[in-house]
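Dear colleague,

Please find below the structure for your review. A short account of the findings follows it.

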Amino acid sequence: MSRLFNVAVAGATGAVGNQMITCLDERDFPVKEITFLASSRSAGKKLKFRGDQVVVQEMTEDSFEGIDIALFSAGGSTSERFAPFAARAGCVVIDNSSAWRMDPDVPLIVPEVNPHAIARYTNKGIIANPNCSTIQMVVPLAPIHRKAGIKRIVVSTYQAVSGTGKKAIDELFNQTRAMINFLDYKTEVYPHRIAFNCLPHIDVFLDNGYTKEEMKMVHETRKILEDDTIGVTATTVRVPVFFGHSESVNIETHKKMTPAEVKELMEKSPGIKLVDNPSENVYPLAINAAGIDDTLVGRIREDESIENGINMWIAADNIRKGAATNAVQIAELLAKDYL
Ligand code: A2P
């Protein structure tokens with residue numbers, strides 16, 4: 001019989017944690033025993049896993065004895081504090097926060113792109129899951145980079161509120177309901193109303209005028225594609241969508257690729273569904289990406305303003321491929337090839 005693993009989900013009560021639990025079940029991950037961890041606020045709550053009711057425990061420094069793999073999605077500071085204790089207990093952490101992503105000793109993994117880098121998990125016992133917007137961008141860009149060499153990327157994102165967590169999902173719902181009923185609304189999660197609005201502001205602003213989310217896309221893309229020469233500039237925008245991030249991506253390549261060649265490459269690359277028939281109104285939509293694991297790619301066309309340029313529109317489920325599915329895929333590779 002193949003090996004079964006003791007798995008913990010840290011942040012089990014959150015939007016991504018919940019999806020991690022679903023993904024472990026859906027993908028038949030070989031779980032021996034499951035442990036659900038969250039803050040003291042949720043201790044004692046029960047969550048379902050494969051027909052069993054599992055009691056949520058408060059995460060402490062001692063929560064990881066006997067755990068083989070811990071999927072973390074409990075925020076950056078929580079992860080910074082607890083992941084080292086988990087690793088010291090001999091458990092491999094797959095962390096969805098930004099806390100460890102740029103640590104040179106921590107591999108940053110998208111299984112379709114750089115699975116070989118997982119081997120470096122032994123440095124710290126931690127593997128980082130990239131930012132949701134970066135994951136869905138590098139899935140289609142990696143095969144293009146291998147074939148034609150990417151010189152520069154200009155990306156604008158249209159990001160769903162679920163990326164901020166459960167409270168933001170409630171805020172969009174409550175503001176929308178209040179507004180269509182001509183009632184007063186509250187603004188608690190975001191600095192401005194998100195209902196019927198677009199906010200060019202995700203995470204905090206940095207000294208260079210970019211947001212941290214924008215700079216995550218720059219640094220993480222280079223680390224995953226293992227090429228620091230790629231120029232990346234990003235504008236990240238929160239939009240009133242519940243699930244599914246969309247992105248407008250413009251790339252300049254070293255070698256020329258025609259739109260037909262890019263489409264052919266997309267069709268044979270893993271994790272991608274080509275959705276590109278504009279004359280029939282067929283293109284990637286957040287509402288079609290929500291609930292599935294594929295990254296949808298379409299609107300592929302030449303950037304006629306430069307020699308070697310391509311434009312595309314990408315949509316993916318930010319909670320699934322952008323977070324939980326990617327983490328569980330990493331766990332699958334870890335279980336199969338390393339543990
Ligand atoms: P809790 O529900 O008990 O607050 P989201 O991103 O959807 O808001 O979810 C965040 C997740 O991280 C939740 O499961 C939350 O638990 C968990 N979390 C937040 N702070 C801590 C902490 N200090 N220790 C453990 N889990 C935490």
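The chain has eight helices and 13 strands; helices (H or I, at least four residues) and strands (E, at least two) are DSSP runs, numbered from the N terminus. Its radius of gyration is 20 Å, close to the 20 Å given by the globule rule for 339 residues, so the chain is as compact as a globular protein of that length. That radius is taken over C-alpha atoms, and the rule is 2.2 Å times the number of residues to the power 0.38.

This is a predicted model: local features need pLDDT of at least 70 and side-chain atom pairs count only at pLDDT 80 or more, while totals for chains, interfaces and linings use all residues. Residues are numbered from 1 along each chain as its sequence is written, and side-chain values use heavy atoms, with hydrogens and water left out.

Buried residues (under 20% relative accessible area, 1.4 Å probe, protein chains only) account for 53% of the 339 residues. Of the contacts (heavy atoms within 4.5 Å) between residues at least 6 apart in sequence, 66% join residues at least 24 apart.

Seven strands form an open sheet with mixed pairing, in the order S3-S4-S2-S1-S5-S6-S7; two strands pair if DSSP finds at least two bridges between them. Strand S3 (46–49) and strand S7 (126–128) are the edge strands, each pairing on one side only. Within the sheet, strand S2 (residues 31–38) and strand S4 (residues 52–58) pair in the parallel sense over three bridges. Ala-38 stands opposite Glu-58 in S4.

Yours sincerely

Methods. Buried < 20%, exposed > 50% of the residue type's maximum accessible area, 1.4 Å probe, protein only.
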